[in-house]
Amino acid sequence: MLKLYGFDVSNYYNMIKLAMAIKGIEYEAVITYPNQTPEYLAICPTGKVPALQTADGVLIETNVIFEYLDELSPANPLIFGSAYERARIRELMKIVELYIELPARRCHSEAFFGVPVHEQTKSEVKRALLNGIQALSRAASFSPYLAGDKMTAADIFFLYSMSLASAVAKKLFEIDLFAEAPGAKELFAKLNAMPEARAIAKDQAAAQPDFKAYLAKAFAKT
Ligand SMILES: N[C@@H](CCC(=O)N[C@@H](CS)C(=O)NCC(=O)O)C(=O)O
């Protein structure tokens, strides 16, 4: 059986959990925090999560795992349609990851863990997030999903990236990222209301105490 390494608070891990749930793929969850121990690095070369252990070896990188899951189990595809339509889904995923998820991450420490970020970084992130959401607004159709009338892998990225990026924007810059992209708020609510996403949110809330304990230990070591 597939083994999924990660932890329930991780947004990337939850992207794969949602993909698995939508596709009806069974797996064993191996609760793992990102780490650089030789044991985990022997499984996952970056030490990050998620990592997926398959019968043939380990796969990392969320978008790569999406592609693998679709090929492994074609039911309820995440990336589908003509060559152009499939490329558009990958394009939207990339826009969300490069221009929303990754800039926001530069400010996670201050937004979520109370560790201040340099003012220069904050000003770069604020600009980048506004550019990112505006780019997404131009590129996506929001009708109601990012790529059209069907949910795709891009919407999974959007759901879990926007949850953190919008919190960063609100907490640090008093900006409502959703206001920058008509249709984004409605899509976010629609995705959050899916039974599979609600179950994941419940797991995420339940995992918070363990995650906080893990963070306290990690910060105590530094
Ligand atoms: N590009 C990776 C990013 C995964 C990632 O950054 N995961 C976070 C947890 S949400 C992590 O492991 N962070 C620890 C680190 O960056 O060292 C993917 O697509 O899966």
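An oxygen atom of the ligand lies 2.8 Å from an N or O atom in the side chain of Thr62. This counts as a polar contact (a pair of N or O atoms within 3.5 Å; within protein, one must be able to donate a hydrogen and the other to accept it, and residues adjacent in sequence count only if both atoms are side-chain atoms). The model is predicted: local features need pLDDT of at least 70, side-chain atom pairs count only at pLDDT 80 or more, and totals for chains, interfaces and linings use all residues. Residues are numbered from 1 along each chain as its sequence is written, and side-chain values use heavy atoms, with hydrogens and water left out.

At Val49 the backbone takes part, with a polar atom 2.7 Å from a nitrogen atom of the ligand. Taken alone, the ligand exposes 510 Å², of which the protein buries 77%. These areas come from the Shrake-Rupley method with a 1.4 Å probe; for residues, only the protein chains shown count as cover.

The shell around the ligand (residues with a heavy atom within 4 Å of it) consists of Ser10, Asn11, Tyr12, Pro34, Lys48, Val49, Pro50, Glu61, Thr62, Glu97 and Arg105. Four of these residues are nonpolar, three polar and four charged. Helix H1 (11-23) and helix H4 (83-105) are the elements that give two or more residues to this shell. Helices (H or I, at least four residues) and strands (E, at least two) are DSSP runs, numbered from the N terminus.

Pro50 lies in the loop between helix H2 (38-43) and strand E3 (51-53). Glu61 is not glycine, yet its phi is positive, near 80°. Its loop runs between strand E4 (58-60) and helix H3 (62-72). A cis bond also joins Ser143 to Pro144, with omega near -5°. Pro144 is in the loop between helix H6 (119-139) and helix H7 (153-173).

UniProt, in an unreviewed entry, annotates residues 1-77 as "domain: GST N-terminal". This stretch is 39% helix and 21% strand, and its end C-alpha atoms are 20 Å apart. The unreviewed entry lists residues 82-211 as "domain: GST C-terminal". Here the chain is 75% helix and 0% strand, with the end C-alpha atoms 41 Å apart. UniProt positions are in the numbering used here, feature names are shortened, and annotations may be inferred rather than shown by experiment.

Conventions
Nonpolar A, V, L, I, M, F, W, Y, C, P; charged D, E, K, R; others polar.
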